Amino acid sequence: MKAVIVGCGKVGTELAATLVNDGHDVLVIDNDADALEHASEMIDIMTLCGNGADINILKEAGLQNADIFIAVSPYDELNLLSCVIAGSFGGIKTIARVRNPLYSKEYDFLKEKLGLSKIINPEYDAAREIYKLLQYPALSRIDNFANGKVIICTLHVREEHGLSGKSLMESRKESGCNILACAVCRNNEITIPSGSFVIETGDDITFVSTVTEMKKFFAKLNINNNPVESCLITGGGTIAYYLTEKLLSKNKHVRIIENDEKRCQLLSEYFPEAEIIYGDGTDRKFLIKHGVQKADAFVALTGIDEENVIIANYAKNCSDAKVITKINRTDLNDIVDALDIDSVVFPKFLCADKIAQYVRALDNGIGGNIEKLFRYIDNRVEVMEFKATYDPKLCNISFTELNLKKDIIVACIIRDGEFIVPSGKNMIKDQDSVVIVTTNKGIFKLSDILAK
């Protein structure tokens, strides 16, 4: 497929890299020639310098032969306008990034009236990701499948959990819970584990199960996983807006520290129930004064990655709070890992995953069988949900007889609402929801799990 992207910022560059890795031809349009040159040195893309809403530029980009058009410039209105113009070429799917909360309640209206295929909002998605983590503070990541019936989550193993030295099979048997460990990261090395894999302190283990079974499992380990009641946020930008809206809707106590006085005034008008504090959220004494040591959760959402990492580390060291930070620069990963911050959210990765999922579905035809796609551990592990359609090479054949590719695990099957951890005798049936975990980058449809 051929994709045209307008916008060569963090999100546009990550999208381009994701689509190229999936085997698509990508052309990126931006007014900033230096940004385009830098991106083209890192990624195998074509570039075009110009305005993404200029019909002549779009013609020069070959939009008449493109399959998908994605507008992720910093300006919502430009993204919407360029998608409308792109749509006039006919037969092309259009996706616009729209971040302004003013438009967030009108997405369905905008899609219908402007003929958009999809609207994405990385800031809203990041806020939703953070909110989920605040509901399960013991976890470093959590995602939902099968309309929320199944969760996949990552636990950072600590000594007090009592898992060290036990095999995955032993820990599952002792707990009596129906869960499956489907990936382990140890010292930055990834393993798709068997039941004999022995757990060590410091491992990051990704589990899949139902919500009920997962809660039972953590209760057996005496892990407190109750939702937070109070949250201190540093940085009052768009992500903080969406997150505060969600938290207040559940009657949580929210405090936001923001160093722009006008922004503080706006936030006070938006959220009279929240406590809006004008000041420097990177100042340690200021954070202590305003209760970082007593908060259930601390979320670093300033616009500067390095500041977020530093203050999140400080909050972790001086409190028992669930600590979450938002960063965009992937080159800070090693530093973040060394600092033992609870959870890190990457808005551009969330956006890229959503677009990759949509494009893979298009690749398989409209209504393609990929339902969800998430990437874990620096994008090295992919977790996908597929809707099975009858295939004689795949369906109604026991797993002992299926020849699966290496580094693939069928994590679970959801059939008629029932959660199944597959054994050798199980099989995939027509209309099953099937969750796949893999380090293999060649899985675009369910049948791709089979070795040739």
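## Basis of the description

This is a predicted model, in which local features need pLDDT of at least 70 and side-chain atom pairs count only at pLDDT 80 or more, while totals for chains, interfaces and linings use all residues. Residues are numbered from 1 along each chain as its sequence is written, and side-chain values use heavy atoms, with hydrogens and water left out.

## Two loop residues with positive phi

Asn 147 belongs to the loop that links strand S7 (141-145) and strand S8 (150-156). Strands (E, at least two residues) and helices (H or I, at least four residues) are DSSP runs, numbered from the N terminus. Although Asn 147 is not a glycine, its phi is positive, at about 55°. Asn 147 is exposed, with a relative accessible area of 76%; exposed means over 50%, buried under 20%, and partly exposed in between (1.4 Å probe, protein chains only).

Asp 416 is located in the loop between strand S20 (408-415) and strand S21 (418-420). Its phi is also positive, near 55°, in a residue other than glycine. Asp 416 counts as exposed, at 81% relative accessibility.

## A parallel open sheet

An open sheet is formed by six strands in the order S3-S2-S1-S4-S5-S6, with parallel pairing; two strands pair if DSSP finds at least two bridges between them. Strand S3 (46-49) and strand S6 (118-120) stand at the edges with a single partner strand each, so one side of each has no neighbour in the sheet. From one strand to the next, the twist averages 20°.

## Strand S1 and its partners

Strand S1 (residues 2-6) runs parallel to strand S2 (residues 25-30), and five bridges join them. Lys 2 stands opposite Asp 25 in S2, and Ala 3 has Val 26 in S2 as its bridge partner. S1 also pairs with S4 in the parallel sense, over four bridges, and here Val 6 stands opposite Ala 71.

Five of the five residues of S1 are buried. Lys 2, Val 4 and Val 6 lie on one side of the strand, Ala 3 and Ile 5 on the other, and both faces are covered. Together, S1, helix H1 (residues 10-21) and S2 make a right-handed β-α-β unit. A crossover is right-handed if, with the strands pointing away from the viewer, the path from the first strand over the helix to the second runs clockwise.

Key. Axes fitted to C-alpha atoms, helices over the stretch in contact; angles between N-to-C directions.
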